[in-house]
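Here is a short report on one protein model. Have a look at the structure first, then read on.

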Amino acid sequence: KEGINITCEATPHHFSFSDDEILKNAYDTNFKMSPPLREISDVKAVREALKSGLIDVIATDHAPHHTDEKIVEFDKAPFGIIGLQTLVPLTLKLVNESVISLERMVELTSTNAAKILNLKDKGRLAEGMLADIAVIDPEIEYVYDEKINRSKSINSPLFGKKLKGAATTTIKSGKIVYEFGK
């Protein structure tokens, strides 16, 4: 209302997990993040803000940590989890639950961030744009494990879980830099 340029982002773990997960998983430090997980009503509020357009961007908040740092008492563990590879399946879950559309997912994960950061050659598929593209298969199902993980870290509460949807090919500046399962 005052003309101040404000943006807002959310992470997949904050619209997917509540603080109940900490208790259910015996204080697994892979559920320790900043900001901390909150009540289910807060998860619902984040999801509604994504749906309404109040939140501009979904960001991974990718925070890798060495296993030794996370295998300690909950209060001594660092905040954060890895999130690059789990953004797609967790966000596609919002699409499948009709919280957002597939088009809105593209805006939240690409187009809006490019606009906010004033990246004139990114965020859209058009002539003259950099060919930074993620090809997504929304139907692929797999167990997220160390064979699939591309991070040097394994601090994710999703390890060993069955996920649906993945970036199957990643293209950076017109060159394939990643192919699922290869």
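Asn118 sits in the loop that links H6 and S3. This is a predicted model. In it, Asn118 has a positive phi of about 60°, although it is not a glycine. Most residues other than glycine have a negative phi.

Tyr27 also has a positive phi, near 55°, and is not a glycine. Its place is the loop between H2 and H3. Is Tyr27 buried, partly exposed or exposed? Its relative accessible area is 46%, so Tyr27 counts as partly exposed.

## A cis bond

The loop between helix H2 (20-24) and H3 holds Pro35. What kind of peptide bond joins Ser34 and Pro35? The bond is cis, with omega of about 0°. Most peptide bonds are trans.

Now turn to helix H5, which covers residues 87-96. Eight of its 10 residues are buried, so the rest of the structure largely encloses this helix. The buried residues are Leu87, Val88, Pro89, Leu90, Thr91, Leu92, Leu94 and Val95.

What do the buried residues of H5 pack against? Their partners include four strands and helices named here by position: helix H1 (12-16), helix H3 (40-52), helix H6 (102-116) and strand S2 (57-58). Strand S3 (133-143) and strand S4 (162-172) are partners too.

## The nonpolar core

In soluble globular proteins, nonpolar side chains tend to be buried together. The largest nonpolar core in this model has 32 residues. Which of them touch the most other members? They are Leu50, Ile100, Tyr142 and Tyr144. H3, H5, H6 and S4 each supply at least two residues of this core. H5 gives the most, with six residues.

Take Ile100 as an example from the core. Leave aside its neighbours within four places in sequence. Ile100 is then in contact with Leu50, Lys51, Thr91, Leu94, Val95, Met105 and Leu108.

## Just past H5

Just after H5, Ser98 takes a positive phi of about 60°. Val99 lies in the loop between H5 and H6. Is Val99 buried or exposed? Its relative accessibility is 12%, so Val99 counts as buried.

Leaving aside neighbours within four places in sequence, Val99 is in contact with Arg47, Lys51 and Leu94. Val99 and Val88 are 11 residues apart along the chain. Their C-alpha atoms are separated by 15 Å.

## One cavity

Rolling a probe the size of a water molecule over the atoms shows where empty space is left. How many cavities of 30 Å³ or more are there? The count comes to one. The volume of the largest cavity is about 50 Å³.

Its lining is made by Pro12, His13, Phe17, Thr60, Ile81, Ile82, Gly83, Thr86, Leu87, Leu90 and Leu158. H1 and H5 are the elements that give two or more residues to this lining. By class, the lining has seven nonpolar and four polar residues, but no charged residues.

## The second largest pocket

About 310 Å³ of space lies in the second largest pocket. Its lining has 14 residues. Which of these lie nearest the centre of the pocket? They are Ser16, Pro89, Leu90, Lys93 and Leu163.

H1, H5 and S4 are the elements that give two or more residues to the lining of this pocket. H5 provides the largest share, five residues. The classes here are seven nonpolar, two polar and five charged residues.

## A buried histidine

His65 lies in the loop between S2 and helix H4 (67-70). Its relative accessibility is 14%, so His65 counts as buried. What does His65 touch, not counting residues up to four places away in sequence? The list is Lys70, Pro78, Phe79, Gly80, Ser153 and Asn155.

Terms used:
Residues are numbered from 1 along each chain as its sequence is written. This is a predicted model: local features need pLDDT of at least 70, side-chain atom pairs count only at pLDDT 80 or more; totals for chains, interfaces and linings use all residues. Side-chain values use heavy atoms; hydrogens and water are left out. Buried means under 20% relative accessible area, exposed over 50%, partly exposed in between (1.4 Å probe, protein chains only). Contact means heavy atoms within 4.5 Å. A nonpolar core is a set of buried Ala, Val, Leu, Ile, Met, Phe, Trp, Tyr and Cys residues joined through side-chain atoms within 4.5 Å. On a 1 Å grid over the protein atoms alone, a cavity is a set of points where a 1.4 Å probe fits but cannot get out, and a pocket is an open set with protein on both sides within 12 Å along at least five of seven lines; lining residues have an atom within 4 Å of a point. Grid points are joined across faces, edges and corners, and a volume is the space filled by probe spheres set on the points. Ala, Val, Leu, Ile, Met, Phe, Trp, Tyr, Cys and Pro count as nonpolar, Asp, Glu, Lys and Arg as charged, and the others, Gly among them, as polar.
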